[in-house]
Amino acid sequence: MSNPMDGGHETPAPADENSGRRRRSNPYLSILSRPGAASFSAAAAIARLPMSMIGLAIVLIIERSYGSYAAGGRVSAAYLIAAAAAVPQIARLIDRRGQSRVMRPLVVANGIFVIGLGFAIIAGLPEPVLWLLAAGVGATVGAFGALVRARWTFTLGDSRALHTAFSLESALDEFIFVIGPTLATVLVVQVWPLAGLLVPAVAAVGGGLWFCSQRATEPPVASSRASGGGRAGSVLRNPALIALSAIFLFIGVVFGSVEVTTVAFAKEVGSESMAGVVLGIFALGSMLAGLAYGARHWRSALTTRLLATLVILTAGMSALLLATSLWHVALILLLAGVSIAPTLITGTSIVHTVVGQGQLTEGLAWTSTAMTIGVSGGTAVAGILIDGHGARAGYLLTSAGSCVALVLAALAAAAFARQERRRKDESSVANANGD
């Protein structure tokens, strides 16, 4: 503001005022400026780096040691199946006993299992031994994506800032999946095979223990009543969450099938070395869209946004059937990728409207697990289709998966909308009572 006593010169604002203005204008700086927020978000990002590395590293190391991609696939499947079974149960235990109390011993055990699996592969132990160790890795992995989102919920409350926080975490997930596979490949192929598992083990233990050490931002343990205590309280009795998990499952089918099919398509057109670049473009488009999506607050209903982003995703995945070159695929994936992060962010927000606070970690874990199962199934089925009918058959599965996700979302839209209105009404009543 101009000061007449200074001859019309602008009076510089104090540094802390300028800093405050920057935080208000940038929603990401605003949420990260909350006490402890930047630290627990960074720790969770490090702790979930292994999720983008371990499966691929297992396959690469086993192929080099045993000369079999199939064996690597079987061991990786043991890891994924165990993780899918264990993660929701771990999350339910966390809702009842607390993040640090449950995750500290599991983080250490996970690091031991990962390192043990690496040495067992190098030593050439029988494959069933590798299955058991890989299952141990999956059974102790935890879901830091769900944990950090639950922590954001506790830190920010039921506020508009949560939309920005979920967008940030989704963008970090995309970044992790951009660098993780490349890092795993470089470590195994160019550094030392065992490094492909040692690095994620260090990340899991270091990031996990750092996250657990931050007790000030840890959500409180839910009472038995709030968490639903006992069998009757299971989130699997919630039809809306089951519907949402089914949607995430078929989104996972899209992810799993599009990755393996793009690699096969690139090989068919003689550009196999470019497959990673094309998939990186896909993830980059999603990451940038997620950041842009989270930078503004939307007035439209969550259900409306979910349907809109799934329409874009379905259109893009169906357009892959018309691609005749790898550059066509790259362009389509870039455009379709802008719907990925917004779809996942919106789905995560819907979880908050369909489950109680005491079941939040478990609810988030179930949607994450459903998507993991979808990725595994999509990869496997696409591989069979590609072997028998070529890459275009794989893209047919990709298109079908997105169509089913859209249809399920349309069928569940009314239920999601009711839950969203109910949660808004409860929030309004709570705010009125608070006033």
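**Entry 1: the whole chain**

I began with contacts (heavy atoms within 4.5 Å): of those in the protein with a separation of 6 or more, 83% are between residues 24 or more positions apart. The model is predicted, so I note its limits: local features need pLDDT of at least 70, side-chain atom pairs count only at pLDDT 80 or more, and totals for chains, interfaces and linings use all residues. Residues are numbered from 1 along each chain as its sequence is written, and side-chain values use heavy atoms, with hydrogens and water left out.

I looked up the secondary structure and found 17 helices and zero strands. Both are DSSP runs numbered from the N terminus, helices being H or I of at least four residues and strands E of at least two.

I then checked burial, where buried means under 20% relative accessible area, exposed over 50%, and partly exposed in between (1.4 Å probe, protein chains only). Of the 435 residues, 51% count as buried. The accessible surface comes to about 19,400 Å², and carbon and sulfur atoms hold 66% of that. Areas come from the Shrake-Rupley method with a 1.4 Å probe; for residues, only the protein chains shown count as cover.

**Entry 2: Gln 214**

I found Gln 214 in the loop between helix H10 (195-213) and helix H11 (239-268). Is Gln 214 buried or exposed? Gln 214 counts as buried because its relative accessibility is 13%. Leaving aside neighbours within four places in sequence, I list its contacts as Gly 36, Ser 39, Phe 40, Ala 43 and Arg 151. A polar atom of the Gln 214 side chain lies 3.0 Å from the backbone nitrogen of Phe 40.

**Entry 3: Gly 290**

I placed Gly 290 in helix H12 (residues 275-294). Gly 290 has 0% relative accessibility and therefore counts as buried. Which residues does Gly 290 touch, not counting those up to four places away in sequence? I noted Tyr 28, Ser 167, Ala 341, Pro 342 and Ile 345. Gly 290 and Ile 345 are 55 residues apart along the chain, yet their C-alpha atoms are separated by 7.8 Å.

**Entry 4: helix H6**

After H6 comes Gly 124, with a positive phi near 75°.

Ile 112 sits in H6 (residues 99-123), and Ile 112 counts as exposed because its relative accessibility is 57%.

Technical notes
Polar contact = N/O pair within 3.5 Å; in protein donor to acceptor, adjacent residues only side chain to side chain.
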